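Let's take a walk through this structure together. Please have the sequence at hand as you look.

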Amino acid sequence: MQAIGVSINDFGRIGRQVDRTTMKDPETEPKLLNASYNADYLEYMMECDTVHGKHDGTIVTDGDSLVIDDQRFCRTPATQQTSPLPPTLPTMFTTLPMFS
C-alpha cells in the first residue's frame with residue numbers, strides 16, 4: 001500500500017510533533033510544509049527542539065526543502081489563507097488561521 005501524503009500548516013511545537021509522528025507511521029508520509037521561516041531555520045528548529053528533544057536522525061536542507069531521515073519535505077511560503085496547500089493532500093492544521 002502506498003503511503004498517504006500529508007501536508008502540515010505551520011512548523012511550531014505541534015507541527016514538529018505531527019511531523020515526527022507521520023514519519024514513524026508507514027501509512028503516512030510528510031510531503032509539504034506551509035511555514036513562514038526559511039528551510040535553514042526549520043532545520044535548526046527540528047535539530048534543537050527544546051520541547052520534544054533533539055532529533056535522532058539526519059536533517060539537512062536542499063534549497064527550499066527539508067530532508068529528514070532521507071524523506072524530502074518541501075516548504076511552501078506561509079500565507080494567511082485557510083488552506084494554501086494543494087487540496088489533493090490531507091492537511092493537518094496545527095494553528096488556527098488568523099483573519100483580520
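**From the cap to the core**

Asparagine 38 caps the N-terminal end of helix H2, with a side-chain oxygen 3.1 Å from the backbone nitrogen of aspartate 40. Before going further, note that this is a predicted model, in which local features need pLDDT of at least 70 and side-chain atom pairs count only at pLDDT 80 or more, while totals for chains, interfaces and linings use all residues. Residues are numbered from 1 along each chain as its sequence is written, and side-chain values use heavy atoms, leaving out hydrogens and water.

Now follow H2 itself, residues 39-47 (helices are DSSP runs of H or I with at least four residues, strands are runs of E with at least two, numbered from the N terminus). Its buried residues (under 20% relative accessible area, 1.4 Å probe, protein chains only) are Ala39, Leu42, Glu43, Met45 and Met46. They lie on the same side of H2, because they cover an arc of only 165° around the axis, taken from the directions from the helix axis to the C-beta atoms.

Next comes the largest nonpolar core, which has 13 residues (buried Ala, Val, Leu, Ile, Met, Phe, Trp, Tyr and Cys joined through side-chain atoms within 4.5 Å). Phe11, Leu33, Leu42, Leu66, Ile68 and Phe73 have the most contacts inside this core. Helix H1 (13-24), strand S2 (28-35), H2 and strand S4 (65-68) each supply at least two of its residues, and H2 gives the most, with 3.

Methods:
Buried means under 20% relative accessible area, exposed over 50%, partly exposed in between (1.4 Å probe, protein chains only). A polar contact is a pair of N or O atoms within 3.5 Å; within protein, one must be able to donate a hydrogen and the other to accept it, and residues adjacent in sequence count only if both atoms are side-chain atoms.
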